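Let's take a friendly walk through a protein model together. Have a look at the sequence and the 3D view before reading on.

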Amino acid sequence: MSGPANGLILRIDPRLAGTGFALLSGSDLVLACSTLTTGPGRDGTRLLAITRHLRGLLSDNPPAEASLEELFMGRNATSAIGVAQARGAILAVLEECGVPVFEYKPSQVKMVLTGYGNADKAQIARMLGAQVKVPEGKVDAHAMDAIAIAVCHARSRRMSRVTG
């Protein structure tokens with residue numbers, strides 16, 4: 001189901017409560033971005049909402065590739081479990097649909113976007129604002145994270161083609 005000829009990159013910021021999505025064309029044009037919010041409740045119901053939303057996105061705009069942030073285990077184990085569950089469900093759908101997935105460490109994304117591996121969210125947002133055409137309207141943190149990793153992926157792929 002993937003669309004290799006279109007060059008679109010789907011980026012997903014997986015969270016159980018709020019999953020960010022961004023669709024990029026090239027390395028600087030955000031075609032769409034959104035956040036799917038799931039309310040408190042059974043994890044299975046929330047994961048089903050995420051996978052249904054993802055399948056709809058894949059059907060409407062089949063990407064050539066998808067990019068995700070590698071799982072980062074912070075201090076909040078409960079939050080990490082929700083992220084891992086969402087990632088697992090998302091990875092299964094992407095695999096089922098034949099979309100190649102590329103993963104990046106948070107520090108890689110920061111380095112590619114800002115030149116500094118420990119940049120904070122405000123620095124990343126400023127750099128994205130200067131470098132990327134983002135759709136009009138309010139873009140929340142989850143969608144902004146999705147955009148950041150998609151841009152990182154697009155630039156990393158372009159660099160690997162140039163040096164490869």
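This is a predicted model: local features need pLDDT of at least 70, side-chain atom pairs count only at pLDDT 80 or more; totals for chains, interfaces and linings use all residues.

Residues are numbered from 1 along each chain as its sequence is written, and side-chain values use heavy atoms, with hydrogens and water left out.

**The sheet**

Helices (H or I, at least four residues) and strands (E, at least two) are DSSP runs, numbered from the N terminus. Five strands form an open sheet in the order 3-2-1-4-5, with mixed pairing. Strand 3 and strand 5 (101–104) each have a single partner strand, so they stand at the edges with one side left without a neighbour in the sheet. Two strands pair if DSSP finds at least two bridges between them. Strand 2 and strand 3 pair in the antiparallel sense over eight bridges, and Thr-19 stands opposite Leu-36 in strand 3.

**Helix 1**

Helix 1 (residues 43–60) has 18 residues and reaches 26 Å from its first C-alpha to its last. That is close to the 26 Å expected at 1.5 Å a residue, where the expected span is 1.5 Å times one less than the number of residues. Buried means under 20% relative accessible area and exposed over 50%, with partly exposed in between (1.4 Å probe, protein chains only).

| Side of helix 1 | Residues |
|---|---|
| Buried | Arg-46, Leu-47, Ile-50, Thr-51, Leu-54, Leu-58 |
| Turned away, exposed | Arg-52, Ser-59, Asp-60 |

An α-helix has 3.6 residues a turn, so residues three or four places apart point the same way. What covers the buried residues of helix 1 includes strand 1 (8–13), strand 2 (18–25), strand 3 (29–37) and helix 2 (77–96).

**The cores**

A nonpolar core is a set of buried Ala, Val, Leu, Ile, Met, Phe, Trp, Tyr and Cys residues joined through side-chain atoms within 4.5 Å. The largest one has 22 residues, and Leu-24 and Val-151 are among those with the most contacts inside it. Helix 5 (141–163) is one of the elements that give two or more residues to this core, and helix 5 gives the most, with ten residues. A second, separate core of 20 residues includes Leu-10, Ile-12, Leu-54 and Val-93.

Terms used: Contact means heavy atoms within 4.5 Å.
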